[in-house]
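Trainee: I have a structure open and would like to go through it with you, one piece at a time. Could you help me read it?

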Amino acid sequence: MNTSLDKLNIGDEAIIVSMKTSILPKSMLTELLEMGFYPGAILKLERISKQLGNVICSIGNNRIGLRIEDSQHIE
């Protein structure tokens with residue numbers, strides 16, 4: 001069963017299987033793809049901050065912050 005990025009534990013590595021393209025804005029999808037978020041890519045969850053409303057993950061040599069609500073659409 002797939003789980004969304006916001007449900008991972010800190011330090012977990014996961015393979016992206018899909019992104020909800022019908023929900024995420026097209027401009028954000030373009031940015032995510034340019035940063036390496038695509039099916040088959042491996043990412044690692046570095047930090048979750050519910051107070052700030054974001055998650056930090058690394059993908060390749062990049063560290064990227066996403067809003068928690070957007071990370072819920074990446075499985």
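Trainee: What does the side chain of Ser4 make a polar contact with?

Mentor: In this predicted model, the side chain of Ser4 makes a polar contact with the side chain of Asp6, at 2.4 Å. A polar contact is a pair of N or O atoms within 3.5 Å, where within protein one must be able to donate a hydrogen and the other to accept it, and residues adjacent in sequence count only if both atoms are side-chain atoms. Being a predicted model, it needs pLDDT of at least 70 for local features and 80 or more for side-chain atom pairs, while totals for chains, interfaces and linings use all residues. Residues are numbered from 1 along each chain as its sequence is written, and side-chain values use heavy atoms, with hydrogens and water left out.

Trainee: Is Ser4 buried or exposed?

Mentor: Ser4 is buried, because its relative accessible area is 12%, and buried means under 20%, exposed over 50% and partly exposed in between, with a 1.4 Å probe and protein chains only.

Trainee: And which residues is Ser4 in contact with, leaving aside neighbours within four places in sequence?

Mentor: Those are Ser71, Gln72, Ile74 and Glu75, where contact means heavy atoms within 4.5 Å.

Trainee: Changing topic, which are the buried residues of helix H1?

Mentor: In H1, residues 26–34, they are Met28, Leu29 and Leu32. They are on the same side of H1 because they cover an arc of only 100° around the axis, the arc being that of the directions from the helix axis to the C-beta atoms. Helices (H or I, at least four residues) and strands (E, at least two) are DSSP runs, numbered from the N terminus.

Trainee: What covers that buried side, and what is on the face turned away?

Mentor: The cover of the buried residues includes strand S4 (62–67) and helix H2 (68–71), whereas the face turned away carries the exposed residues Lys26, Ser27 and Glu34.

Trainee: How far apart are His73 and Phe37?

Mentor: They are 36 residues apart in sequence and 12 Å apart in space, C-alpha to C-alpha.
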